[in-house]
Amino acid sequence: MSFVTCLLCLFAMAQTKPPVIPLWEGGAPGFESRRNEPEQAKDYWVKNIHNPSLTVFLPPKEKATGCAVIVAPGGGHRELVFNAEGRDAATFLNSIGVAVFVLKYRLAREEGAPYKIEIHTKQDAYRAIRLVRSRAKEWDIDPKRIGMLGFSAGGEVVSMVAYASGDGDPNAPDPIDRVNGKPNFQMLVYPGPLGMPDTVPTDAPPAFLLVANEDFLSRFIITLLQKYREAKAPVEVHIYQKGAHAFNMGLRTKFVTLKNWPQRMADWLADNEFLKPQEPKR
């Protein structure tokens, strides 16, 4: 996908506002009274998120593969880099037939925030997967091909839900909470260390890992790779020579390798048959 094509897609998307779906209709549990507080957005960031949500970007029907990805943008848990690590990711993934849901999760490190990463942010991630999986038929998605893509702090969000069983509560009054919340695959781009497991289980979701060697977070990718190898779980890693942290989808970097990294992700998705079109309905 060329830079010009990306710009044209971004322009087209800007003309139509994508739907936004709250994770909980009545607001996040325990914080329902804050659901109507407006978000703050400027330039590249969004913050003051008290009603966590999914922004829906669906591919053209003729391109749709049935694969879905929930994207968790980074921002250090203080803000969300929504455009460069959310909308731009959706543009690319839509172009290869993937349905995308960009997650606005609660920000535990924002000044004055009442949230904790290991409790409330994790809760948002599980709820996002369960919500998408529960409505898979509506969006023509294969419930067994729902993955997550996380950038930086968003990679931590993904890691927090990738290694447990994800089983829902069969007795939950909300049917969405009865659905499994484990992603079928994960893609981590310069992720932070939170949520990294002590050991990787043998049934860990297949992983695509990517970072620049100059990034101080590269050591966590190397450590996670070794744990995946010990577990004999599927993993692919790209460590680029040049580039620091936060090169996003490669649209603004001068390095050719980083400009083209999204295609490596597309190749990995194809090789693992996540992009294989669903069987036609009879």
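Tutor: A crossover is right-handed if, with the strands pointing away from the viewer, the path from the first strand over the helix to the second runs clockwise. Strand E9, helix H5 (residues 218–231) and strand E10 make such a right-handed β-α-β unit; helices (H or I, at least four residues) and strands (E, at least two) are DSSP runs, numbered from the N terminus. The model is predicted: local features need pLDDT of at least 70, side-chain atom pairs count only at pLDDT 80 or more, and totals for chains, interfaces and linings use all residues. Residues are numbered from 1 along each chain as its sequence is written, and side-chain values use heavy atoms, without hydrogens and water.

Student: Why does Ser152 count as buried?

Tutor: Buried means under 20% relative accessible area (1.4 Å probe, protein chains only). Ser152 has 14% relative accessibility, and therefore counts as buried. Ser152 lies in the loop between strand E7 (146–151) and helix H4 (153–162).

Student: What makes H3 roughly perpendicular to H4?

Tutor: Angles of 65 to 115 degrees count as roughly perpendicular. Helix H3 (residues 117–134) and H4 pack at about 75°, with their axes 9 Å apart, so H3 is roughly perpendicular to H4.

Student: Which strands does E9 join by bridges, and how do they run?

Tutor: Two strands pair if DSSP finds at least two bridges between them. Four bridges join strand E8 (residues 185–189) to E9, and these strands run parallel. Six bridges join E9 to E10 (residues 235–240), also parallel. In E10, Val237 is the bridge partner of Leu209.

Terms used. Buried means under 20% relative accessible area, exposed over 50%, partly exposed in between (1.4 Å probe, protein chains only). Axes are lines fitted to C-alpha atoms, for helices over the stretch in contact, and angles run from 0 to 180 degrees between N-to-C directions. Angles under 35 degrees count as roughly parallel, over 145 as roughly antiparallel, 65 to 115 as roughly perpendicular and the rest as oblique.
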